[in-house]
Protein chains: 2
Amino acid sequence: MHRKDLVKPDGRKLFLYSREPIADSIQATNPPHDPVTGRSHLRWHPLRGEWVAYASHRQNRTFLPPKEYSPLAVTKSADFPTELPAGKYDIAVFENLFPSLSLNAAEAPLPQVPTEVEPGLGVCEVVVFSQDPETSLSTMSLDEVTLVLKVLADRTRELGSKNEIKYVLPFENRGVEVGVTLHHPHGQIYSYPLVPPLPARMIETQRAHFLREGRGLLEDFIKGEEEDGRRLIVQKGSALSFIPVCARYPYETWIAPKRAAPYLYDLSESELRDLASVLKTTLMKYDGLWKKPFPYLLALFQAPTDGTPTEGLHLHFQTFPPLRTSDKLKYLAGTELAGGFFINDALPEEKARELREVPV
Amino acid sequence: MHRKDLVKPDGRKLFLYSREPIADSIQATNPPHDPVTGRSHLRWHPLRGEWVAYASHRQNRTFLPPKEYSPLAVTKSADFPTELPAGKYDIAVFENLFPSLSLNAAEAPLPQVPTEVEPGLGVCEVVVFSQDPETSLSTMSLDEVTLVLKVLADRTRELGSKNEIKYVLPFENRGVEVGVTLHHPHGQIYSYPLVPPLPARMIETQRAHFLREGRGLLEDFIKGEEEDGRRLIVQKGSALSFIPVCARYPYETWIAPKRAAPYLYDLSESELRDLASVLKTTLMKYDGLWKKPFPYLLALFQAPTDGTPTEGLHLHFQTFPPLRTSDKLKYLAGTELAGGFFINDALPEEKARELREVPV
């Protein structure tokens, strides 16, 4: 994998990744824009015991622009620069123009309010998976999807090495159903100044299991899924996907290496390739299910980067698909949002059979 | 308040509430329906450390029926019975035809799966606020809204007194944006066999604060909001509403008595009336903001009914409004759903000013 580090005219960082060497002649670009002022800050929510971020400079951000104005398309003419320079490379990563968190947030004054306040430190990156606006992780080649995982591994290592960053969360929002504003295939990486509540919870349960049992919680869970077999979707060498026995969404899947590796960069070349293959094939089944692009949130959970012990922590993807049938949303309402208690109207065993039977 | 207990022909309980005595001649009704078979069960989610409910019998439930078939309308003809009998009363409460949780769930066999399983015990009730299909909590009279609170207090006491029930959660989903299937004004009450994760978290923080400070967390929080003043919306005697300094949604409001009462039934007649007045006026401001019915999830958080100490626990309503502008949803995506870390693109101080300035 080759990487080239550039700086956009507006000062944001740009990283190009490619399977081939990248020409020195490539110049970073950015769309014309008004200066982005305003910094985020965090406020303590004493009743939930968690931080909330305020990013009011994001109110007027890009929202579903027509195709001809996509800022994620490759620059075609110097008169109309986009976020992606022209030239030969596979994947582009750059800092979000409207970041929810940024490392220069410390420069801004903090509001005087009756709760604890902190600057909204962090990094928000955009990961453009391909120069092709019509492709997706399900239709890209296995080599290309493997490269996406290598890029996420590289970003995790680099972002996680910063003192301010305690957790790196790569994710992809796909489909208007989950609020996607730009349809060019891309993901995002949020890097936080703290371990966010849900990863923190999953780290806590895995650590407790490891200290009690001497084995990884998710390793034991995966053994249970393999022995049962009814919820398995795809298996390939060292990796597999399944609808977990405790799925909260009808078509929720977990995509994981079978062994407990804390970070993507801990996986070998062949383990990465197995994981990419299972990811790609699972997403192909999603798209084949109703013969249309399947909307989802796809998140990659890894170990924190705050220096705490990582034994027993097991990287994996989880999907959060918003549809329960081809045309019905699973709304999050009273019991889910106010109770935090999920009701799933579908049995994981039945939904897994549906997905298994989709030909790919 | 008068109450009449009835049993529907299909066996479900019906409770009528009224400010006037209720005629003995009223007979319970229900719409014709196929037998509802299938029971819910709970599965343990070891990675999140929480229970998830499976209610696959709910897959084919009513979904946005045309107005003429509303099961929540009052029965007009014996040939077309609905959930509401004809007759004079204000509010009807009945067991949901498609309950996510039910007290006879213990009768059903539990699935053999590789995680802990329990029957889906609980009670799911529907609360029809009025016989008028076009009204809402914002347009009903203060007397009528006060009666709604008295009914919720009565339901909390009765449901919470059952051995199986550890937490009672009344809520209203309003608007197609939050997935409402029936537009007749109504709420729901979920009664759980456990304290759900988010109430559990808020109880934990309040108890810790009380044991440390000897005062209620929310009492202290409200004092801070009153002294600051910028986020207050409505004040009336013993109750107030405000956008909390740590709001996660742009138009999130909390509506509360100023003193820490654990349950609605702990409030005096005049405290209940103040709370009803603040609730009604806050919802009027919502509807006035964009001159259209404002969609929201409205949840009432009270103390648990599992016998644990309640000192310092402070009942209050929270709203979860899905819109960030009159036509833009605040989507819950990567950081919110996968991280549990909320980014609010609006400042609570600005949104509170908007709501304060709406004439009512």
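## Ground rules

This is a predicted model, where local features need pLDDT of at least 70 and side-chain atom pairs count only at pLDDT 80 or more, while totals for chains, interfaces and linings use all residues. Residues are numbered from 1 along each chain as its sequence is written, and chains are lettered from A and ligands numbered from 1 in the order in which they are written.

## Chain A overall

Chain A has 6 helices and 17 strands; these are DSSP runs numbered from the N terminus, with helices being H or I of at least four residues and strands E of at least two. Its radius of gyration is 21 Å, close to the 21 Å that the globule rule gives for 360 residues, so chain A is as compact as a globular protein of that length. (That radius is taken over C-alpha atoms, and the rule is 2.2 Å times the number of residues to the power 0.38.)

Along the principal axes, the C-alpha atoms of chain A fill a box of roughly 55 × 50 × 40 Å. Buried residues make up 53% of the 360 residues in the chain. Looking at contacts in chain A with a separation of 6 or more, 66% join residues 24 or more positions apart; a contact means C-beta atoms, placed from the backbone, within 7 Å.

## Helix α2 of chain A

Helix α2(A) covers residues 197-213, and at 1.5 Å a residue its 17 residues should span 24 Å, which agrees with the 24 Å between its end C-alpha atoms. (The expected span is 1.5 Å times one less than the number of residues.) The buried residues here are A:L198, A:P199, A:M202, A:I203, A:Q206, A:H209 and A:F210. They cover an arc of only 135° around the axis, which puts them on the same side of α2(A); the arc is that of the directions from the helix axis to the C-beta atoms.

On the face turned away from that buried side sit the exposed residues A:L211 and A:R212. The buried residues pack against β8 (167-174), α3 (217-228) and β13 (296-301) of chain A, together with α5 (334-338) of chain B. Just after the helix, A:G214 takes a positive phi of about 75°.

## Back to α3 of chain B

Helix α3(B) runs over residues 217-228, and its 12 residues reach 17 Å from first C-alpha to last, close to the expected 16 Å.

## Where the chains meet

The contact takes 63 residues from chain A and 63 residues from chain B. On the chain A side, the largest share, 7 residues, comes from α3(A). That side divides into 38 nonpolar, 16 polar and 9 charged residues. (Ala, Val, Leu, Ile, Met, Phe, Trp, Tyr, Cys and Pro count as nonpolar, Asp, Glu, Lys and Arg as charged, and the others, Gly among them, as polar.)

Strand β4 of chain A (residues 50-54) pairs in the parallel sense with strand β17 of chain B (residues 343-344) over 2 bridges; pairing needs at least two DSSP bridges. A:Y54 has B:N344 as its bridge partner in β17(B). A:Y54 also touches B:L347, as does A:S56. B:L347 lies in the loop between β17 and α6 (348-356) of chain B, and counts as buried because it has 22 C-beta neighbours inside 10 Å.

Definitions and conventions
A residue is buried if 20 or more other C-beta atoms lie within 10 Å of its own, exposed if 12 or fewer, and partly exposed in between; C-beta atoms are placed from the backbone. Two residues are in contact if their C-beta atoms, placed from the backbone, lie within 7 Å. Lists of a residue's contacts leave out its neighbours within four places in sequence.
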